[in-house]
Every structure is written in C-alpha cells, then in structure tokens.
Amino acid sequence: MYNKDQIYVFINKALGFAAGYQAQVAVSSSAEGLSRIANSEIHQNVFEDRTSLAVTIIASHKTSSISTNVLSDEGIQAAVAEAIANLALLPDGEETMPLVSEPKEMETRRFSQELHDKFTVETRAQLVAEGLSSITEPYKAFGQLSYRRSASGMGNSAGIRRYSDGNSVRFTLLISDDLGGTGYANMSADSLDAVDMAGTFAIAKAKAEANKNPIELEPGAYTVILEPLAVNNLLGTMMRAFNGGMVNNKMSPLTDKIGEKVFSEKLTVVDDWTSPYSPGLAFDGEGTPRTKLTLIEQGVAKDLAYDQASAKKAGTTTTGHAGGGAGRRGGASPANVIVSPGEKTLAEIIAGTEKALLVTRFHYMNPVNMRQAILTGITRDGFFLVENGKITKAVRNMRFTESMLIAMNNIEEISSDRKRTGASFIPGMKINGFHFTGKTSFSDTGEE
Amino acid sequence: MLDLNQLQEKITQVLAFIKAQDGVEYADLRVNSIETESYSTENMKVQSLNASKNLGYGIRVYAQGSMGFAGSQDFTAMEETAKTALAIAKATQLTQKNPVKLSPKKVVKDHYQTPVEIDPFTISKEEKLALLFEAERLMREAAPELFRTHGTLTFRKERKTWADSDGSYIVQDLVESGGGIDAVAITRGEMQTRSYPNSSRGNFATAGFEFIKAMDLLGNAPRVGRECLELLKAEECPSGIFDLVIAPTQLTLQIHESVGHPIELDRVLGYEAGYAGTSFLDSVEPGKFRYGSEHVNIVADATAPGGLGTYGYDDDGIPAQRVEVITNGIFHNFISSRDTAGAVGSLSNGTARADGWGRIPIVRMSNINLLAGKYAFDELIAGIENGFYLDINRSWSIDDRRLNFQFACEIAYEIKNGKLTGKIYKNPIYTGITPVFWGSCDGVASQEHWRFFGTPNCGKGEPSQSAHCGHGSAPARFRGVKVGVADV
C-alpha cells in the first residue's frame, strides 16, 4: 500500500492531466489480512493489497467520473482523458457544485504502530490458537480475525488536500454446539488496549452454553430487551432516513416530520466524529469539514446529513457527510452514530423485567417498506426468555416485521452501558409491543 | 487487455518459483482484468456515467495441507506476493486439524469466450443514454404524475487468466450486459415502485448489447408508468392463507435464497457459519430428502446459454457443468469446489468462483434453474379459487439456516374463481418455511413461459464478495401460503 507522499503524487499527477478543468481526485489504499475460522481451525487465510484512484471532472454543469487501479502515468492519464471525453456526451445538468476550497490542508491520522506490530499473520494465528484452546467439545468456533491498514487522500483543482490513515482489528466469533445452539460476540479495536480476544471468546461461549433446548413461542407482540448489536441492526438501517437528499425527495420515513416528535422522548442520537467513543474523519468525501449533528433530541427528529448537491436542492448548506469514491453523488448519511445512555445497566434492566425476550442480534434485515420504516429480520445466536428478572430459557429463533416509527416510540428503557460497533456507540434497549410475525417450527423443517 | 504471451511466460515463471519453495504442494495464479461501464438516468437527467478499470492477480498456495492467499496489483512483485501467500499458508498450520484435501482434476489448456452478437463496448455512449432517456420519456408520457423515473445500463468485460502448478492454463473472456427501468409514485406517507424487466437494476446476462435490445425497454415503459400510478391507488394486499402463482421475476429470488444458498457445500460444512450462516441440509442425505413436490425440478447449470452464472471453467480450473440438484422433489446434489468436495470425498462440480483478483474462490451459485413444467399459464390460474399472482421482488429476508423466509413484491394481481380479475393490490408480502413452501408447489408453467434472470449482487464470504449468478424459471403455483403480516 501507499503512504501520504505517494498518494499525493498520484493526486497531483491526475490533477495535472486534468489541467484547465475543475477536478477532484481521490485515492484509497489498503492492506488487509484476514484469518477465517470454521470448525475450530483457520480454514481460509488471506491477504490483499489494493489501491484505486477516482477522478471526477466538472465542467458546464456536467460531472463525469472514472475509477482505475492502473496507477502508471499512462493509466492515470487514460482515466482522466476518458472522464473529460465523457463530458461531451452529457446534457447540461443542474447547477454545478463548487469545489471545496478551504481549509487548504486537513488530515486525520490514527495509525497505531503498536497495533501494526502486534497483528502479523503469525501472531494473528497464535491469538486464534490461544482462544481456541478455551473451546472444548461439543463446542466449535467460527468467525474471523482481521487486521486492516488504510490510507486515503483527496485533492481538487481548487487547491485543497485531505489525508487520513489508520489501522484496526476486527474479530467476530460464533460458538456452536453439535445441536446448533449458538452464541455470538464481536470486537473492533483501533488501539492495542482495546483488543480483548479472551473476553470475546468468553461472551460467545457463555451465550452458546445458555442457548440449549429452545422452547417455541407463537408469533405476536412481545416486550423485547435488545442487546447493543441488535439495536445497532435496527438503527443502522434507520440512519438512512436521516439522508437529507432522501427527505427532500420524499422517500424517507422522516419526510414532513423534521422538527416533530417522531420517537420516544428517551431517545437522543448524535453524529459526532470527534467523540472518543466513535472517532471518525474530520472531513467528508468532498473535503468539507464535518459538523456535529443532533439527529434525534428527546424523540424530536432534528438535523439531517447533507452533501453539497443534496444541500443545494434543499436550500441549506452541506454538513460534511458526503460519501467518498468515484463520482460525487454517493449521498449523505450519518457516519459516527452515538446514542445517549439511560440510567440502568443492561443487567439491571434484565433484573427488573418480569417477562421479555432478550435478543443478541438480528440476521438478514431488510426494509419491507422504507417509506414507512417497516423492517424485517430474524433473531440469531442467542434468543432468550427473561422471566422475573432472570434468563430462564432459550427460545427458537423468530422473525420480526415492525415499523421503526412504532418500535422507537415504544422504548421503555435504554441501558447505561454501551458498545462500540463499527463507527457507532450503541446501548441496549427495552422495547414494548415488538411484533414477531413468524416462527420456525420443529415439525415443519425435517430437523431435530 | 494484457499481452497474453508475456503474461503466460511470467505466470509460468512465478508458478515454477512457488512450486520450488519448501513444503509447497500446489499453487494457482489468477489474473483478472475487468472493465465496466455504467449509466444511470433519473428524471430525464444523467445521474451518473461511470467507468472503471481493475487489474490485479491473486496467488493461492497449498503447503502441508494448509492454504494461504495473497492478492496484489503490483505485477513487478509477483514473487514477493507468492512468498506472502506461502507465509500465510504456513501460519495457518498453527490451528490446522484437518489438512485440506483437494478433489482431483484434469490438466486443461483452453480458451472460453462468452458468445456475443454485439460487443456492448462498441455501442456509443450517446446511443446508450438516448435509450434510457426515451424509456423515461415514455414512462412520463403515459403517467405524468410520476414522482421519479429512472433507468440504468451496465456492461462488464473480463479477461480471466488462470493457471496452476500442474500445468493448466485457461483464458476466459467474459462479457455481461444488463439494464432496466423503474418508476416511483408518491403521495403523503406512501411510495410505490414499478420496475421492468425486474427490480434491482433490471436484468443481467452473459451476452452483448443484443440482450438490451431484446428487453424492449421502450415497449414496456408506458405500462410500467401506468401500473406505478395504479398501485398508489390500490388497496393493501389482504393477510391470510392464499394460493399463489408466482412470476419468474419473483421466483428468481425465491430460488436464490431458499435453494441456491442451502445447497452450497461450504455452508453445509460450516465454512460460512460465522457470517452468512449454515444450511438446513447439513443433516440430510442426498437422494433421500424430499425438498419439494414432484413438480419441483432444479438444476445448477453453468453451461446454460446467456445465464449470468455461465462460464467455461470455475476458478479451480473445473469445467462448467449441469448438475441435478432437485429431481421430482428429491434433493440429490450440493454445489461444490475442490476443497469442499475433497472434504466429503466427492468430485467438484465446478462452482468455485472469486469476484476479483484480491479474493479467493468460494462456492458460488452458477445458474440455479427451476425447470419448466407442463402447464399453460392460464391452467395455473384456472386452478385457483381465491388467490394472487405475484410479480417482481421488492424485499427479501431469510434466516441463517435458509428455512424461514419472507418476501415482498411490487404487485399482486387478484385471482378469483380461476381468473385474473384485473384488480391489483399493493404491498404484498408472503412468508414460509423452505421445504414446506416447495412442497406446496402443484404446478410449473411450460417452457414458453420460462424466463432467465441474472442476479449481479450475491453477497457472501469474508472479506465480502459479490457474485454474479442466474436463475431461470416459469410461473409456478403454490398452495396455502401465508400472505401478509397484518393479522399477526
């Protein structure tokens, strides 16, 4: 992979070939090693070193983009020439967005040498081997441990340069017994002190051990206690609704609802790249400095995420949430989501609950009707009945179909303990009247 | 494109270098050179006109029963990349319990080319954009109240060069074309979409521009526009138990999710358990398990002309083939790669594919096709007293063992007393359990109704990969299916 100086050389070359045009160039470089685990051994072990360049040319209200990973002078020149040639084919667009011109230089550097030194291909295998030694029959481990290093740069003909780098470890682990009782835990870390392999093994194992002899429940409305991973599954999909362009296009469930109380007053969500809980980039894919967004304040839908184009259409200014990559139409979405905590820990919420279903995470979620925020998905890797403050039984997985506009209004409690999941920092939640619409019976599968 | 002679010499040299390293049993090297063009118009404006070029290689090394893989785009450092792959294979041995056994294969030297009548890259960009603009115009002319009209075209060509340390050398030139249109109508709190020829950017095939011409986007555009507005005024689809006829536009995803994925041998062996999931077929015996009714006949056919999952050889160097998956309702065969077939003592049936140079081949669907039955379409409809004909997928979800599924479609056409009444319903959803659902199939339409659809975005694997596969089917009838969730 390439460093800052090398990336800036590519950018400067491309901008040089595009002299006379408004142009933006982005270079993304990464190296990732990933060890995949199945049946308690590493079965796939891979490494990839990848760099690509995307050039966008803007002229006469037209925008044309090309991406390439052929980074020779000839390769870059050909990409720029094709992007320029394509301009002639395009009809006049709407108003051309001006290129970001200030500040001239910004960078976000989060590379940890300590983390880099620790996660070689050999030590990665050793860490997996150590963890696997805690797993005995009938349990087996599945998942992956990966280490990724990345560096990205962008520049434009208005003279700005942006650079970011970093590295991170991601570990996902599923423990299963020979009857299919599973438990799941994950970890992501961008510093060595945040790496906790043993803790992740312990959580997944404990869940798998509890996930035995599941009972079968009928579909219907239940009180649920969602662990942070399950909350993140729901909110991750819901965050698309805060795309300012979608709201302006009337395709978001928040259309005509901004400024109104849409969710429970217990819910406050911000997007904040400066937070130590969810560190992000200081700038977006267009080079605009990111601003902090208050997405939901005590249930009221407030700020939306904009890039330059969607902001212009909505008559406002960009919030610095443009996507990166080729083209300048990636749309804008919250990137560093932080949900405000409640007062009780998740354990205390469980202890204070008479009857509820505890969900570890959801699988294969998709919007059924995005305009009405109706999602469907199915529980996975730890679904339990809570009775009189205790987890009493495992439950056979069930399908939910529910509008988030309803579910996020039915929040009874939010946990004080939160978990970092990707670029989000998420608590658990207790939600009333959550609709499970399907079950998988023992009798109709041919299993068991 | 790469200079084939220079490339062959270099690949042969690198493979010899790898094979000479201590402990190396086998290695292969794959070079992917991929070019794409994509066009998108929206509301009579060009939304995007993008192109990409991607060139790199991946080296897979097997040493003492372990595999290591490294991918790079630096062709000046191929030996270094090979050493990285070998170091990874050696590190893998630390946790190894079951050495990899690759099923046997023959040494092959061959060249495969997608049959193409009109090279899509020779059609001017102006002509492609003009087609989309005209389709948009026709949708808007037929339905001026539409909120949004949209069209896409996508073209891809790939030269894939694969060689191994046994002496195989295979070059494949693969060409794909795809496109579609859709319309969106909105009122307060309600949004409806109608697409053609399918949702999710239309239809895709291994074919040239002749495939786009045959779609007849312009001929269908007015109907798409009109039906979109009609949907906005339609009643909500009722909930309950109904008999259904399902169109190929929806069956393609039904087959994909509830047959294609469960029959992947890597899922059965647990290789995907930590991510995409496993398969309910992990406890069944091929040849004995009843997957569906006697009307259900499904094949995995990598040789089917025009299928998006059609190729000459997989990325293990195994020839494309047609495999009987379900015959008269009985499950017979998984789809496999050399490592998964080796693990169960069988032969690979050639479905190992990677989505690019930086990823390893894993078991991927080729074309998983429901074979045509004997019924006229009207006969299927005539057999329903009270039910629906469902068209075009809108949403999908299935559990990690591929049993409990739920799909939403764009439109439900009412069937009463054996006839389509002309009444339509919006927001139809149906749900079921895989073998129960396929067991309820009591008729598949005949060959004249059989259609092929391509799915260019099948996600699987870590690091994630997006495969291109195909699904052919004819309308089929299913009895007693749960429709809707409003009554739960």
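Biologist: How far apart are the centres of domain 1 and domain 2 of chain B?

Modeller: This is a predicted model. Taken over C-alpha atoms, the centres of domain 1 and domain 2 of chain B are separated by 21 Å. Domain 1 covers 4-233, and domain 2 covers 236-483.

Biologist: How many residues of each domain of chain B are in contact with the other?

Modeller: Contact here means C-beta atoms within 7 Å. On that basis, 41 residues of domain 1 of chain B meet 38 residues of domain 2. The side of domain 1 that touches domain 2 has 15 nonpolar, 16 polar and 10 charged residues.

Biologist: How many helices and strands are there in chain B?

Modeller: Chain B has 10 helices and 24 strands. Its radius of gyration is 24 Å, close to the 23 Å from the globule rule for 488 residues, so chain B is as compact as a globular protein of that length. Along the principal axes, its C-alpha trace spans about 70 × 55 × 40 Å.

Biologist: What share of the residues of chain B count as buried?

Modeller: A buried residue has 20 or more other C-beta atoms within 10 Å of its own. In chain B, 59% of the 488 residues count as buried.

Biologist: And what about contacts in chain B between residues at least 6 apart in sequence?

Modeller: Of those contacts, 76% join residues at least 24 apart.

Biologist: What confidence does the predictor give?

Modeller: Take the chain, then the complex. Chain B has a mean pLDDT of 96, with 99% of its residues at 70 or more. For the complex, the predictor gives an ipTM of 0.95 and a pTM of 0.96.

Terms used
Residues are numbered from 1 along each chain as its sequence is written. Chains are lettered from A and ligands numbered from 1 in the order in which they are written. This is a predicted model: local features need pLDDT of at least 70, side-chain atom pairs count only at pLDDT 80 or more; totals for chains, interfaces and linings use all residues. Domain bounds come from an automatic or database domain assignment. Two residues are in contact if their C-beta atoms, placed from the backbone, lie within 7 Å. Ala, Val, Leu, Ile, Met, Phe, Trp, Tyr, Cys and Pro count as nonpolar, Asp, Glu, Lys and Arg as charged, and the others, Gly among them, as polar. pLDDT is the predictor's confidence in each residue, from 0 to 100. Helices (H or I, at least four residues) and strands (E, at least two) are DSSP runs, numbered from the N terminus. The radius of gyration is taken over C-alpha atoms; the globule rule is 2.2 Å times the number of residues to the power 0.38. A residue is buried if 20 or more other C-beta atoms lie within 10 Å of its own, exposed if 12 or fewer, and partly exposed in between; C-beta atoms are placed from the backbone.
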